[in-house]
Number of protein chains: 2
Amino acid sequence: MIDIRPIGYVIGLLLVILGAAMLLPMIMDIYDQNGHWPAFVQSAVLTVLCGGLMALACSNAVGEGLSIRQTFLLTTAVWLMLPIFGALPFWFGETEARFVDAVFESMSGLTTTGATVFGHLETLPSGLLLWRALLQWMGGIGVIVVAMVFLPELRVGGMQIFRSEGFDTLGKILPRAGEIASRVSVIYIGLTAACALTYLALGMAPFDALTHSMTTLATGGFANYDGSFGVFPAGIEYAGVFFMLLAALPFVRYVQMMGGSAQPLLRDSQVRLFFGIVATFVLMITIWQMVQSGRGGEAAFRKSLFNVTSIMTGTGYASENYMVWGSFPVTIIFFLGLIGGCAGSTACSIKVFRYQLLFASIRAQVRAIHSPSGLFTARYEGRPVGDDVLSSVTSFFVMFIVSLGALAVLLGTTGLDFTTSVSGAAAALGNIGPGLGHLIGPAGSFAPLNDAAKWMLSAGMLIGRLELLVVYALFTVGFWRD
Amino acid sequence: MIDIRPIGYVIGLLLVILGAAMLLPMIMDIYDQNGHWPAFVQSAVLTVLCGGLMALACSNAVGEGLSIRQTFLLTTAVWLMLPIFGALPFWFGETEARFVDAVFESMSGLTTTGATVFGHLETLPSGLLLWRALLQWMGGIGVIVVAMVFLPELRVGGMQIFRSEGFDTLGKILPRAGEIASRVSVIYIGLTAACALTYLALGMAPFDALTHSMTTLATGGFANYDGSFGVFPAGIEYAGVFFMLLAALPFVRYVQMMGGSAQPLLRDSQVRLFFGIVATFVLMITIWQMVQSGRGGEAAFRKSLFNVTSIMTGTGYASENYMVWGSFPVTIIFFLGLIGGCAGSTACSIKVFRYQLLFASIRAQVRAIHSPSGLFTARYEGRPVGDDVLSSVTSFFVMFIVSLGALAVLLGTTGLDFTTSVSGAAAALGNIGPGLGHLIGPAGSFAPLNDAAKWMLSAGMLIGRLELLVVYALFTVGFWRD
Ligand SMILES: [K+]
Ligand SMILES: [K+]
């Protein structure tokens with residue numbers, strides 16, 4: 001049997017933090033005099049109480065460190081329990097969100113997916129808008145810690161390639177996670193503040209600047225308006241692009257920069273490839289728009305830049321309904337979402353470095369075909385890559401594509417058409433946000449979907465956020481065997 | 001420099017055979033008195049002349065065996081040159097097919113894809129209908145030989161796992177290819193004859209029985225009617241299912257059965273999984289149809305059985321416009337096409353055994369996570385699988401998915417919508433035939449697409465049929481370097 005007490009302890013503590021965080025939107029609602037604040041009080045009391053009791057009950061098992069299996073279980077349990085309690089403020093109170101909607105929204109927040117079941121966002125109380133932003137912001141820091149500490153340790157999805165980045169000498173996993181979290185938090189808070197001030201300076205209202213800076217740095221994509229970033233002027237669009245790009249870069253580089261031991265950011269090959277892909281497709285879609293719709297150069301460039309960046313980083317804001325751009329941009333946008341940002345950032349999906357590793361492996365194989373007697377090794381940033389890394393990257397890729405197919409088929413059983421099913425599955429598993437089509441596309445919302453589809457998509461977000469294998473491993477017989 | 005003379009010699013001989021085969025539809029057209037026969041005479045003369053001259057010019061290099069690079073080049077060159085000459089009968093004569101249409105149809109034939117640019121098939125001269133069937137039938141035997149001899153030798157797509165199936169003791173590759181081709185031909189001709197006689201006995205007209213048996217055994221899918229198999233009675237649908245399934249099984253098992261050393265067909269794990277998948281989805285779609293449209297049990301079962309089998313085997317016949325079955329079956333059908341049949345058959349796409357190997361690799365990896373000290377190897381049919389096989393299977397999968405995305409995006413630039421682009425790319429790369437949607441779906445044809453899209457799809461068929469790497473390897477610098 002796996003000793004679940006250390007897991008309960010950590011989750012208990014995190015729930016207390018989550019409950020405490022609910023006081024911020026409560027204050028907002030009191031200040032706003034919209035009468036919605038009691039929902040946050042109820043939610044906070046319930047969450048802190050449950051979390052505190054759980055932590056107390058499990059406190060006698062602290063300090064023993066975590067086994068690999070406990071680490072797997074902890075990671076999944078955190079991303080299952082926190083969204084449930086995070087859903088309470090949506091469920092209680094006056095929004096009349098049903099439980100499934102509340103969990104969907106909360107899961108979409110903490111996994112930084114950004115798909116929403118709320119139409120008419122303008123009518124939501126400010127507290128709830130702030131809570132949505134907070135969920136994404138906390139989820140963002142959470143996934144960075146998971147990506148920098150837990151996934152390399154668990155050797156999942158090839159993340160072990162980032163093990164030697166200078167953090168594995170810090171001792172046991174939980175203290176290390178705390179250490180990383182506090183170091184990253186400084187950067188994360190700093191960047192969020194810079195983003196908020198920039199938005200403010202460019203004319204965004206203070207409340208909008210606060211919430212949108214949070215959802216930008218989390219590459220989350222929750223907005224306060226149904227029109228998303230389409231309601232803001234051009235300058236704010238450019239600022240959004242700048243900070244979305246920063247949020248999709250590997251945070252380990254920022255930490256190294258602060259420590260003085262910076263391997264320059266732009267010598268990181270995944271960063272260069274990431275920028276190269278963004279630039280290529282922005283250029284192509286800009287030209288397409290100018291030719292097809294005769295749009296002016298600046299507007300075509302800006303709309304292409306913003307929406308390509310938004311999808312490629314997995315943020316999911318839209319500054320326009322790109323479904324109307326026509327065949328080519330729509331198909332591009334779908335596949336850009338399957339590329340994703342850099343490892344160790346808040347960005348999600350398959351990620352650039354995995355494609356680099358996969359292509360390096362294919363290249364080595366082609367060379368071996370040319371010269372059957374030679375021995376060729378895949379390399380990443382000049383260093384040879386171990387077979388365990390390659391096989392875990394390819395496993396990730398295969399699981400991602402097969403899961404995408406399975407989720408799309410399951411969504412099809414709920415009555416959704418091909419485009420909605422496939423793009424919805426990709427949007428959830430890749431934590432992107434919007435899908436394609438008039439229903440769940442950039443101009444729609446997930447509200448009209450039936451309950452089954454919402455549960456499936458919520459599960460997809462969780463599975464995708466934890467890089468699939470962390471969740472799937474729990475469903476194997478061997479995991480629970482002694 | 002690669003000595004291309006042995007390649008020219010083989011292609012020359014194959015062109016002579018192709019040209020000779022054009023006399024069959026010529027006879028058909030003369031018998032039919034439709035006046036179309038001169039097109040075949042012109043095509044045959046041109047093809048035999050070019051082929052004969054090529055073979056003569058290169059005959060001084062025979063008997064030296066082929067290097068690995070020559071084998072790569074030969075395989076691709078065969079599937080590039082034969083479709084061009086096979087296109088001549090469509091191009092010449094009265095059908096007024098343009099060159100791009102003729103090449104598309106010929107490529108679709110020889111790669112056993114079955115996508116057609118001819119609407120109103122009923123109006124085509126019998127000779128051309130026979131030529132379409134012959135192209136697929138010859139293409140079918142060709143891909144079996146490629147799959148049994150060339151791909152294992154080239155270590156492409158994990159096919160080397162089938163190297164030890166008892167054929168690699170036969171000496172040099174070209175004599176071996178001839179040996180295999182003659183052994184397989186006996187089975188292939190026998191099965192085709194059995195299929196034709198069955199169709200005939202069930203009431204199909206003699207000409208239809210001949211051509212449809214050819215396109216069934218090739219899992220090709222060219223039909224003589226716009227309604228495909230929808231024009232035939234229930235009994236013929238069941239017979240079609242039976243022979244499509246036989247055509248998608250590994251032909252090496254049939255050869256072994258003939259030689260008396262048969263490892264029983266049904267103990268082959270890919271065969272069992274293949275049948276399992278077909279049965280599962282037939283059942284699901286049958287129930288779906290009964291519930292959704294209140295269709296009778298037998299009709300629902302038959303339509304599900306036929307169309308699921310047709311797509312899963314990559315044949316591409318339709319006995320109904322399954323686009324109207326609604327969300328779930330349509331999405332299923334798309335992903336079934338990405339599974340495909342068994343290795344070493346005329347079936348195409350990713351194929352069942354690759355999924356088995358990929359999942360075996362993931363399983364080994366999950367076990368290693370559970371017990372970090374243990375050493376776990378992926379197994380196929382109980383035997384450990386080498387790392388080179390696994391990496392070449394995963395390379396295949398990655399290349400297939402990335403090529404699918406790239407081709408879909410390219411198709412998008414020609415103005416096709418998301419569903420048409422993505423399903424068209426899959427239909428071409430997977431050599432399936434029909435895509436989704438009203439345009440290229442089971443009730444449509446590829447005729448309305450513009451030239452650029454037709455060229456792209458033709459290239460996709462070629463690349464998919466040769467398991468991607470055979471073609472891609474030619475585009476690497478190292479291939480042409482000494
Ligand atoms: K997102
Ligand atoms: K086919």
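Contact here means heavy atoms within 4.5 Å. This is a predicted model, in which local features need pLDDT of at least 70, side-chain atom pairs count only at pLDDT 80 or more, and totals for chains, interfaces and linings use all residues. Residues are numbered from 1 along each chain as its sequence is written, chains are lettered from A and ligands numbered from 1 in the order in which they are written, and side-chain values use heavy atoms, with hydrogens and water left out.

Start with the two chains. Two copies of a chain are related by a rotation about an axis and a shift along it.

Now turn to the metal in chain A. Donors are N, O and S atoms within 2.8 Å of the metal (3.2 Å for Na, K and Ca); water is not among the atoms, so sites may look incomplete. A:Thr219 lies in the loop between helix H9 (206-217) and helix H10 (234-247) of chain A, and A:Asn431 in the loop between helix H17 (418-429) and helix H18 (437-440), so the pair ties together parts 212 residues apart in sequence. Helices are DSSP runs (H or I, at least four residues), numbered from the N terminus. Both A:Thr219 and A:Asn431 are buried. Buried means under 20% relative accessible area (1.4 Å probe, protein chains only).

The UniProt record, an unreviewed entry, places a "binding site" at A:Thr112, A:Thr113, A:Gly220, A:Thr315 and A:Asn431. They span 320 residues in sequence, yet no two of their C-alpha atoms are more than 8.3 Å apart, so they gather at one spot. Such annotations may be inferred rather than shown by experiment.

A:Thr112 is in the loop between helix H6 (99-110) and helix H7 (126-154). A:Thr112 counts as buried, at 0% relative accessibility. Its contacts include A:Gln136, A:Cys348 and A:Arg465. A:Thr315 is in the loop between helix H13 (297-312) and helix H14 (327-337). A:Thr315 is also buried, at 0% relative accessibility. Among the residues it touches are A:Thr113, A:Met244 and A:Ile432.

Chain B holds the potassium ion (ligand 2), coordinated at 2.3 to 3.0 Å by O atoms that include those of B:Thr113 and B:Asn431. This pair links parts of the chain 318 residues apart. B:Thr113 is buried at 0% relative accessibility, and B:Asn431 is buried with a relative accessible area of 0%.

The structure holds 49 aromatic pairs over all chains. The rings of A:Phe229 and A:Phe232 have centres 5.1 Å apart and planes at 80 degrees, so the pair is edge-to-face. Rings of Phe, Tyr and Trp (its six-membered ring) pair if their centres lie within 6.5 Å; planes under 30 degrees apart count as stacked, over 60 as edge-to-face and the rest as tilted. Both A:Phe229 and A:Phe232 are buried.

Technical notes: Buried < 20%, exposed > 50% of the residue type's maximum accessible area, 1.4 Å probe, protein only. Helix = DSSP H or I, 4+ residues; strand = E, 2+ residues; numbered from the N terminus. Lists of a residue's contacts leave out its neighbours within four places in sequence.
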